[in-house]
Amino acid sequence: MISHIDIANFGSFQGLDWKNSVRDDGRNVKLFHRLNILYGRNYSGKTTLSRVFRSLETRKLPLNYVGSSFTVTGDKGVATHSDLATHNYDVRVYNRDFVTDNLSFLVNQEIGGVIKTFAIVGEHNKELDEAIAAIETKLGSIEGKSGLHFDLEAKRKERDRTTSSYGTTASGLERKLRSHAAEKIKKNREYGSAVYNIDHIKRDIASIKNAGFVALTTEGQASKLNLLRQEALPEITGTLNITLKLASLTATAEPLLSKTIAPTKAIEELLKDSALQLWVKQGMGHHREKRSTCAFCRQDLPHDLWQVLDEHFSKESGELETALDAAITSVAEEMGTIAGLNAFTGAQFYADERIAFEANSKALSEALAVYKSDLETLKKSLGARKDNLFLHVSLKPPSHDVKKIGKLVDDINALIVTSNGKTATLERDKTAARDALRLTDVSAFADAITYDKELNRIETLKAEADTAATAYNDAEKEIRDAEAEILAFRAKQKDERKGAERVNSLLNNFFGHDGIKLEARDGTDEATVKFEITRDGKAAYNLSEGECSLIAFCYFMAKLEEPESKGKDLIIYIDDPISSLDGNHIFFMFSLIESLIAKPIKNAGQSNSYRYKQLFISTHNLDFLKYLKRLSIPTKKITAGEGKTRSVSDHEHFMIERNGASSNILLMPSYLKDYITEFHYLFHQIYKCRDQAAAVDNHEPFFGFGNNLRKFLEAFLFFKFPYHDDKNDAFERIKKFFGEEEDAAVALVNRLNNEFSHLEAVPDRGFKPVEIPEIAKVAKYVLDKIYAADNIQYNALLKSIGEPERVD
């Protein structure tokens, strides 16, 4: 069956989006059902819509519909304007184009129009009948639960189940990928471009499957994030250059520390006490040529003191002391340079190099601290020799690692080169960092959703769906082959004359029209047959529009019985078949559709089967629409919970309307769908006003009550009392029905009946709220009176508006 139609461009239909247009009051999308009634005024687009279906039947677009675009969706897939030759829907359409194509004589009676012949099964041939019966038994039916059709239905269900399972699982994975791409990656500017969709994430997943991919660690991610925040840095000028002088200083110091000197005339007391000797040595500088008394004890200095001391502190010891002072100064200067050897800072480097630089810089500082300690040791040794010039001082071997310091210097210089080089490649490095971060995210996501496992599951489900689809297609082909065989057998039984007889039978049995007939006459070559319309045995011309309508529709109905159509699950579309027909013929047209198409066939198990797969009927005629509401309503079974099923109606009403140049399809409004006549509608509106509490939920019936009551009583009382005894008494019928004795009630009815339905005489009435309690009181009073007068009619009216019967 066809579920819905989207029409981008087709005649008066422009931009019809079914899911946005055809919705109920709850905004739920409504689809075509098995039986579909469509109403539309003339020129609303009914015939245009039927031409979409006619395109499916003829498998080509109608003339002058260039640039058409539409999509038909249903249980046999999607059919579009561009693939009409390959769709799988069996459609039969009755519309103006059908009449033009098959009965051009009715359109052009005077300029050579013809009526195409068609054949239905003629005299029965036992052998052919048995062959056809055997194939039909083999075909079976869904309702009969046997045969190829029943097997095909089982295969269809399995195909649909596996296709649905595959589609649901695949779309579920797609939904996860699409969501992660849009919500997690696309919105994360650290991952790169804002253009990122499901195709990109699929490519990234393929990338992480490559052997060389390694996801970033937490530290690695932090490093990449730091790089992304890094701006271009100035070039680092210069290099780290450290020259250690300890070796040369040691070479100078060692002779000084080991040199042997002796005083000319030693003072034993000073030789034995180095501290005293140092004290005397220092004191000489404070007293020579400055004072003649001791600054410490205030005694006069001996006259030969300087001679004695100079003989002890010889010239050689003085030279040694001078050399030691120079060596100590050199060591101190070397120590002073250590702090400024590495003037570089981590801020000068990019993130990755900064970490390595800071580690190397720290190690270098530690190594130079050892070097400084060695210098300190050398300095102390020189100081110790200076304090006791006559005593040798041994020198400890150094502790610092010259090679290590050299390597650290080389490493820092290499980092300088690398960092400087990064300025030129920073943007490329950032791009690589974003890629690495994004791929790491995608890798974690793929693991979280077990992507590989889901992909394998989807492949398995697809294989199952493909297998089920192949089985269904093979079974469908087997049925087509069997049906083709039946057609071949029936072709041998076909008789064009029987086609004409069937048209005449329909004209006579359903319309009582035996004056006009469709005759099958021999062609000029006596080998073919042609159809001709006759009246009283003679060729008929100047047919009325009504006669043309009757003949054309009976021709269509009879044509449904030709071998190419009979027994098939057809989608039938009947477009406005009652043009220029009177009321009787409209009813007979309805009877024909009901009897030969709509009425179900009772199966042996009391279940229903139908002569059609799907039925569409459109009309502009309200009388015909009234009859169409009485068609047999198909049902379908739906799941009611706990494995149980229940039957529900399988029909829907639609309206085609035209706004300006564009047509649209809508659900039929309640006032057309639910009420057979305006009389029923008026009764329902009065019934809604019987309870004043109902105004809370729906106040509209109360505002229209005066008009509705007046019109209802006029119609109801006219049929109740068709004759006016006193034409001067406008309230005669009301008094007759409600009774003369109930003057107060009659007065109230008259007041609401007149005052509430007219504002001309009482304009202030329109500026006041309606009196809901009075309205409810009158509505109940009128309904009670109708029930008391004729409870059978009253309950029939209740049933017509879908309300339960009243039982007092």
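The chat below goes over helix packing and nonpolar cores in a predicted model.

Trainee: What should I know about the model before reading numbers off it?
Mentor: It is predicted, so local features need pLDDT of at least 70 and side-chain atom pairs count only at pLDDT 80 or more, while totals for chains, interfaces and linings use all residues. Residues are numbered from 1 along each chain as its sequence is written, and side-chain values use heavy atoms, with hydrogens and water left out.

Trainee: How many helices and strands are in the protein chain?
Mentor: The chain has 28 helices and 19 strands. These are DSSP runs numbered from the N terminus: helices are H or I with at least four residues, strands are E with at least two.

Trainee: How much of the chain is buried?
Mentor: Of its 808 residues, 41% count as buried, meaning under 20% relative accessible area with a 1.4 Å probe, protein chains only.

Trainee: Switching to H9 and H14. At what angle do they cross?
Mentor: The axes of H9 (residues 246–258) and H14 (residues 351–387) cross at roughly 20° and come within 10 Å. That makes H9 roughly parallel to H14, a label for angles under 35 degrees. Axes here are lines fitted to C-alpha atoms over the stretch in contact, and angles run from 0 to 180 degrees between N-to-C directions.

Trainee: Which residues make the contact?
Mentor: On H9, Leu246, Leu249, Thr250, Ala253, Leu256, Leu257 and Ser258; on H14, Tyr371, Asp374, Leu375, Leu378, Ser381, Leu382 and Arg385. Contact means heavy atoms within 4.5 Å. The residues divide into 9 nonpolar, 3 polar and 2 charged; Asp, Glu, Lys and Arg count as charged, Ala, Val, Leu, Ile, Met, Phe, Trp, Tyr, Cys and Pro as nonpolar, and the others as polar.

Trainee: Is Thr250 buried or exposed?
Mentor: Threonine 250 is buried, with a relative accessible area of 18%.

Trainee: What is threonine 250 in contact with, leaving aside neighbours within four places in sequence?
Mentor: Leu378 and Leu395. Leucine 395 is 145 residues from threonine 250 in sequence, and 8.7 Å away C-alpha to C-alpha.

Trainee: New topic. Which residues touch the most other members of the largest nonpolar core?
Mentor: Leu106, Ile533 and Ile574, out of 56 residues. A nonpolar core is a set of buried Ala, Val, Leu, Ile, Met, Phe, Trp, Tyr and Cys residues joined through side-chain atoms within 4.5 Å. Helix H18 (residues 545–559) gives this core its largest share, 10 residues.

Trainee: And what about a second core?
Mentor: A separate one has 36 residues, including Leu364, Tyr371, Leu389 and Val409.

Terms used
Angles under 35 degrees count as roughly parallel, over 145 as roughly antiparallel, 65 to 115 as roughly perpendicular and the rest as oblique. Buried means under 20% relative accessible area, exposed over 50%, partly exposed in between (1.4 Å probe, protein chains only).
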